[in-house]
Amino acid sequence: MKKFFQEFKADIKFKSAGPGQKLKESVGEKAHKEKPNQPAPRPPRQGPTNEAQMAAAAALARLEQKQSRAWGPTSQDTIRNQVRKELQAEATVSGSPEAPGTNVVSEPREEGSAHLAVPGVYFTCPLTGATLRKDQRDACIKEAILLHFSTDPVAASIMKIYTFNKDQDRVKLGVDTIAKGQVWLSCCYLEQEAQRGRVGSLGCAPLTFSTYPRYLDNIHLHPEEEKYRKIKLQNKVFQERINCLEGTHEFFEAIGFQKVLLPAQDQEDPEEFYVLSETTLAQPQSLERHKEQLLAAEPVRAKLDRQRRVFQPSPLASQFELPGDFFNLTAEEIKREQRLRSEAVERLSVLRTKAMREKEEQRGLRKYNYTLLRVRLPDGCLLQGTFYARERLGAVYGFVREALQSDWLPFELLASGGQKLSEDENLALNECGLVPSALLTFSWDMAVLEDIKAAGAEPDSILKPELLSAIEKLL
């Protein structure tokens, strides 16, 4: 029995010892033998560097932001609070409660850099032809208008009325009052009264009861009546419609009116009037010409300088380094963007259709005011120009056509991916996704291309010689 138990214990010890173990060898001896064969202990692991910690924090923040977007707020109050916080944060960064952020990109390239695709956005004064920067155009145009008084005071005063006064609705009201105001003001007045419920519909209302003046028209229609040659400066209509506009006094004086003091009824002190001179009254055609000139005028605006340039074939054609002028917003544009962002509070709280979402996506393209386009020609040369982001495709076709030797030949412009941009489509450049920069491809009309190949008279370059003489290397 004793031998049986010894064999049984030996069998258990053998099974529990594992492979490579002798029955007479203890576990401690085996561990002592295997200990020299174990690898050396690893040194303690060092903590992450500062750069690694910053990268991890940024990744975690992006992950949390994606998760918050995925789930999003569920109640309208939460949505409103979230949008208000974002607006306040943007306003705080910009330093103004009405300006959320003026730059689309955080670090635009400084102007004057050798690698900028264009030095900036420039304009041309239509009066002097001077090239102006974006922040110089208004002051230079006003100065040019004031200088124009010495040569043509009538035209200068009209330009001052339309350009110096920003509220164009008020300008139209004042101009119509000066030139042909009676019928227009009567309709406007009746429309307001109809909305207030004081008169019937506009179609049934009479159009002859208004007593608003139409100064120049009355003089032209009734040259023999003296009362129409005088304009009372303290008249309520004159004060509300005309006196508040810059340039109106200069216009009256330029066309022949003179300020005089005349006695007033039931008053001891005389009142100031504009009185038409006899010399001007003897030339009714001149007065009528000035009236038509006033009605047909428009504000004087600086024209965008295309800054047309031609480059040699380059693999860098699709790379654009734009200055900050392509992204910076003016104070008025900032306020408009702030208003659009504030409207997001209400939009996020209602269900939106697909059409509404597409419309908002197009509105997001309005943050670009300008775009830089390059057109790759068949010989590889590049034609570059600056455009407004809201200009139509026809402006690009006209720009390219002006640079061609054979400007009468039909051609096509293709966007990236071979998308054809039709000149007949009334689409803006930002609606086509051509902002803030894009590379287009020039292609002859297929029928014209076949004729050119058949004639064997394909020119070395399709651009005008004066443009090729100023060709540059794209850096």
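Ground rules before going on. This is a predicted model, where local features need pLDDT of at least 70 and side-chain atom pairs count only at pLDDT 80 or more, while totals for chains, interfaces and linings use all residues. Residues are numbered from 1 along each chain as its sequence is written, and side-chain values use heavy atoms, with hydrogens and water left out.

Entry: overall make-up. I find 19 helices and 12 strands in the chain; these are DSSP runs (helices H or I, at least four residues; strands E, at least two), numbered from the N terminus. Of the 475 residues, 35% are buried, meaning under 20% relative accessible area, against over 50% for exposed and in between for partly exposed (1.4 Å probe, protein chains only). I also checked contacts (heavy atoms within 4.5 Å). Among those between residues at least 6 apart in sequence, 68% join residues at least 24 apart.

Entry: cores. I count as a nonpolar core a set of buried Ala, Val, Leu, Ile, Met, Phe, Trp, Tyr and Cys residues joined through side-chain atoms within 4.5 Å. The largest has 32 residues, and Val400, Leu413, Leu434, Leu440, Phe442 and Trp444 have the most contacts inside it. Two or more residues each come from β8 (370-376), β9 (382-388), α17 (393-403), β10 (411-414), β12 (437-444) and α18 (446-455). α17 gives the most, with 6 residues. Another core, of 24 residues, lies apart from this one and includes Ile161 and Leu294.

Entry: α17. Which residues of α17 are buried? I get Leu393, Val396, Tyr397, Phe399, Val400 and Ala403. They lie on the same side of α17 because they cover an arc of only 160 degrees around the axis, taken from the directions from the helix axis to the C-beta atoms. Their cover includes β8, β12 and α19 (465-468).

Entry: a sheet. Three strands form an open antiparallel sheet in the order β3-β5-β4; I take two strands as paired if DSSP finds at least two bridges between them. β3 (230-232) and β4 (257-262) are at the edges with a single partner strand each, so one side of each has no neighbour in the sheet. β3 pairs with β5 (residues 271-276) over 3 bridges, and Lys232 stands opposite Phe273 in β5.
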